[in-house]
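This briefing goes through selected parts of one protein model, grouped by topic. Please keep the sequence and the structure in view while reading.

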Amino acid sequence: MESKASNGAGVVYFCDMSDTVQQIKDRLSIVDVVSQYVKLERSGTSLRARCPFHAERTPSFFVSPERGTYHCFGCNVGGDIFSFVQEIEGLDFKGALKVLAEKAGVKIVYEHSRSRGADKEEKDERDRLFELLETSTIFYTSRLNDAAKQYLKERGIAGATAKEFRLGLAGEGWNDLIDYLKGKKFSEKEMLEAGVARHSDRGGVSDKFRNRIMFPIADSAGRVVGFSGRIFPGTTSPSDSATGQVERTDGGFVPPKYMNSPETTLFHKSRILYGFDRAKLAIRKHNCAVLVEGQLDLLASHQAGWGNTVAVSGTAFTPEHATLIKRITDNLVIALDADEAGIKAAGRAARAALQIGLNVKVARLPSGLDPADLILKEGKDSWSKAMREAKDIVTFLLDVLQEHAKSTDNFRRSVEGIVLPYLADVSSPIAREQYVREIAKRLGVSEHSVSEALAKLPKTPLTDPSLRTGAHSSTGTPPAALTKDGSYGRAQHAFSILLWQKQLPKPQLDTEAYELELQESIGEDALKKLKALPESEQEKLRFGAERLYGKSGSLKAEAKSLIDVLLKERLSRELADAATALKKAEEKGDEKEVGVYMSVCNMLTTRIAELARKV
Ligand SMILES: [Zn+2]
């Protein structure tokens with residue numbers, strides 16, 4: 001497979017992908033990769049775990065170290081390290097390649113292309129957009145001036161942090177970025193598609209972001225997919241680029257504090273978390289993620305030693321965001337602003353997280369301070385203290401409501417209206433019972449009456465039921481080959497044993513002899529058909545056989561009896577055919593044919609009888 005990528009200067013390179021893929025596979029085992037996301041336990045010759053792609057109690061997700069593949073019998077997903085990373089990180093193939101190449105320490109080698117002209121059209125459109133956004137990032141970072149640096153410093157953001165997160169500046173000009181990108185041979189159409197340009201009032205296009213500090217937003221592989229631009233004091237001619245209106249603070253037009261890239265083919269706000277690419281290792285390590293609201297809060301939290309922090313940008317925290325986090329950890333601490341809007345947002349985020357099955361805690365910040373302020377004014381220890389003292393969502397809500405309640409009656413009503421719906425989302429019955437006890441205690445009522453009120457709540461359906469189980473719907477059905485009645489299912493089953501045994505370094509069966517027996521028992525055509533199954537199907541069959549027989553001491557005997565049953569079935573089919581032909585021959589009165597079919601029937605009957613004694 002050969003594919004292309006190019007740098008910002010418009011020079012196109014070729015990348016020999018198959019070589020890179022092989023190098024990565026040589027260095028990283030499937031176990032290395034998968035065990036970073038799920039806890040694997042040994043089961044016979046393979047390893048298994050609870051599936052990260054669907055909710056389940058008993059493990060049906062299997063990994064084969066020998067073959068470098070995985071398969072889930074619950075939701076029917078399977079593949080190699082590349083498809084695993086694609087699935088679990090929500091990336092395309094190239095994104096997964098980038099993540100794995102970094103992990104393996106393999107450099108993706110690019111070669112200079114020979115024919116530049118023809119490449120442009122061939123180039124993948126997505127690649128072009130990624131490249132355009134990377135080029136824009138480089139442009140913005142090069143423009144970060146003293147005024148912007150000064151502002152960041154005042155907000156407590158160190159120069160090193162600004163560099164690490166590639167902060168930049170969109171200046172005053174109407175066409176600064178556009179002109180730069182044109183110089184790099186990007187089209188206006190591409191700029192609009194990437195969300196860095198907008199249609200201007202006078203026709204043509206102009207820069208979308210002006211007079212803003214720019215925060216590049218990356219996907220989980222670290223590729224820039226969009227921007228968030230924040231206004232800051234100190235620009236000479238403040239104006240908003242979205243409308244061209246001049247900013248006025250005397251009651252006139254005030255531009256939004258943050259402006260984000262629009263939704264594009266690369267930037268899906270409901271699926272991208274700011275900082276996730278840099279936070280995921282720390283999230284894994286600490287088995288916990290921290291959620292804040294703005295870019296500056298995130299930078300401050302990272303600086304304060306909480307590298308496991310992510311932020312939403314320009315959207316509410318969605319179940320998709322929660323799913324992204326759930327694949328790495330079960331624990332989320334929400335730390336939004338302490339004002340009313342912040343508390344409401346925390347509540348909504350908590351529900352989305354609970355529905356996906358995360359354990360949710362909420363950090364309570366001193367009133368009126370956002371995380372960045374808190375760290376700046378009271379030091380990073382106060383932030384760590386807030387994190388450590390984070391309370392589970394129910395206790396948090398009960399505290400806040402109790403403080404603000406004007407009367408006991410008022411408190412009871414808010415508990416019913418606000419707290420109980422959360423309980424309905426808590427998936428653990430033990431946790432739910434604890435909460436019921438806590439609520440009963442606070443309200444001074446019996447646990448029974450709380451449970452009763454809870455039972456009366458209307459059931460709120462999830463926005464998308466598939467989200468509860470990750471990207472795939474779970475059917476819970478075992479592989480068809482092992483349940484399907486009749487010969488085809490059994491033939492596939494016998495074939496799966498052959499596939500599995502063939503790739504073992506020391507097979508328990510004489511695979512050549514077994515293959516011949518199989519061919520005899522199901523027929524050449526049927527075997528050919530099975531061999532023509534797509535590789536993904538064949539891999540599924542291998543996992544199936546391995547799961548059934550991996551720990552069995554009597555594989556030989558079981559394989560043999562399977563072959564015997566198949567043979568008996570084949571002979572019975574032939575006997576039925578021969579009997580029909582015999583009847584026809586008798587009707588026709590063709591003595592000779594009758595004789596032939598009679599002896600065929602006799603022979604088949606004898607063989608079946610022999611087999612029946614064995615089976
Ligand atoms: Zn699964």
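β3 and β4 run antiparallel and are joined by three bridges. The model in which they are seen is a predicted one. Ser 43 has Ser 46 of β4 opposite to it, and two residues lie between the strands of this hairpin, where Gly 44 takes a positive phi near 65°.

**The five-stranded sheet**

- β3 and β4 belong to an open sheet of five strands, ordered β3-β4-β5-β6-β7, with antiparallel pairing.
- The edges are held by β3 (41-43) and β7; each has a single partner strand, so one side of each lacks a neighbour in the sheet.
- In a regular strand, side chains alternate between the two faces of the sheet.
- Strand β4 (residues 46-49) has Ser 46 and Arg 48 pointing one way and Leu 47 and Ala 49 pointing the other way, and all of them are buried.
- On to the next strand, β4 is joined by three bridges to β5 (residues 61-64), and the two run antiparallel.
- Phe 61 in β5 is the bridge partner of Ala 49.
- At the β7 end of the sheet, two bridges connect β6 with β7, again an antiparallel pair.
- His 71 stands opposite Gly 78 of β7.
- The loop between β6 (69-72) and β7 (78-79) contains Asn 76.
- Asn 76 is not a glycine, yet its phi is positive, near 65°.
- Is Asn 76 buried or exposed? Asn 76 is buried, because 20 other C-beta atoms lie within 10 Å, and 20 or more is the cut-off for that class.

**The four-stranded sheet**

- An open sheet of four strands has the order β9-β12-β13-β14, and its pairing is antiparallel.
- Its edge strands are β9 (168-170) and β14 (258-260), each with a single partner strand, so one side of each is left without a neighbour in the sheet.
- On average, and with direction ignored, neighbouring strands of this sheet are turned by 35° against each other.
- Strand β13 (residues 224-230) is joined to β14 by three bridges, and the two run antiparallel.
- Across this pairing, Met 259 in β14 is the residue opposite Gly 229.

- Leu 177, Ile 178 and Leu 181 are the buried residues named for helix α9 (residues 176-183).
- Why do the buried residues line one face of the helix? Seen down the axis of α9, they fall within an arc of 100°, so they line one face.
- An α-helix has 3.6 residues a turn, so residues three or four places apart point the same way.
- Asp 179 and Gly 183, on the other side of α9, are exposed.
- Lys 185 lies in the loop between α9 and α10.
- Although Lys 185 is not a glycine, its phi is positive, about 70°.
- With 13 other C-beta atoms within 10 Å, Lys 185 counts as partly exposed.

**Helices α15 and α16**

- The axes of helix α15 (residues 371-378) and helix α16 (residues 380-388) come within 6 Å and cross at roughly 130°.
- α15 and α16 are therefore oblique to each other.
- From α15, Pro 371, Leu 374, Ile 375 and Glu 378 meet Lys 380, Ser 382 and Trp 383 of α16.
- By class, this contact of α15 with α16 has four nonpolar, one polar and two charged residues.

**Val 394 in helix α17**

- Val 394 is found in helix α17 (residues 393-404).
- Val 394 counts as buried because it has 25 C-beta neighbours inside 10 Å.
- Apart from neighbours within four places in sequence, Val 394 is in contact with Val 419, Tyr 422, Leu 423, Tyr 435 and Glu 438.
- Val 394 and Glu 438 are 44 residues apart in sequence, while their C-alpha atoms are 8.9 Å apart in space.

**The protein overall**

- The secondary structure comes to 27 helices and 19 strands.
- The protein has 615 residues, of which 39% count as buried.
- Among contacts between residues at least 6 apart in sequence, 66% join residues at least 24 apart.

Methods
Residues numbered from 1 in each chain as written. Predicted model: local features only at pLDDT ≥ 70, side-chain atom pairs only at ≥ 80, totals over all residues. Pairing = 2+ DSSP bridges. Axes fitted to C-alpha atoms, helices over the stretch in contact; angles between N-to-C directions. Buried ≥ 20, exposed ≤ 12 C-beta atoms within 10 Å, placed from the backbone. Arc of directions from axis to C-beta. Contact = placed C-beta atoms within 7 Å. Parallel < 35°, antiparallel > 145°, perpendicular 65-115°, else oblique. Nonpolar A, V, L, I, M, F, W, Y, C, P; charged D, E, K, R; others polar.
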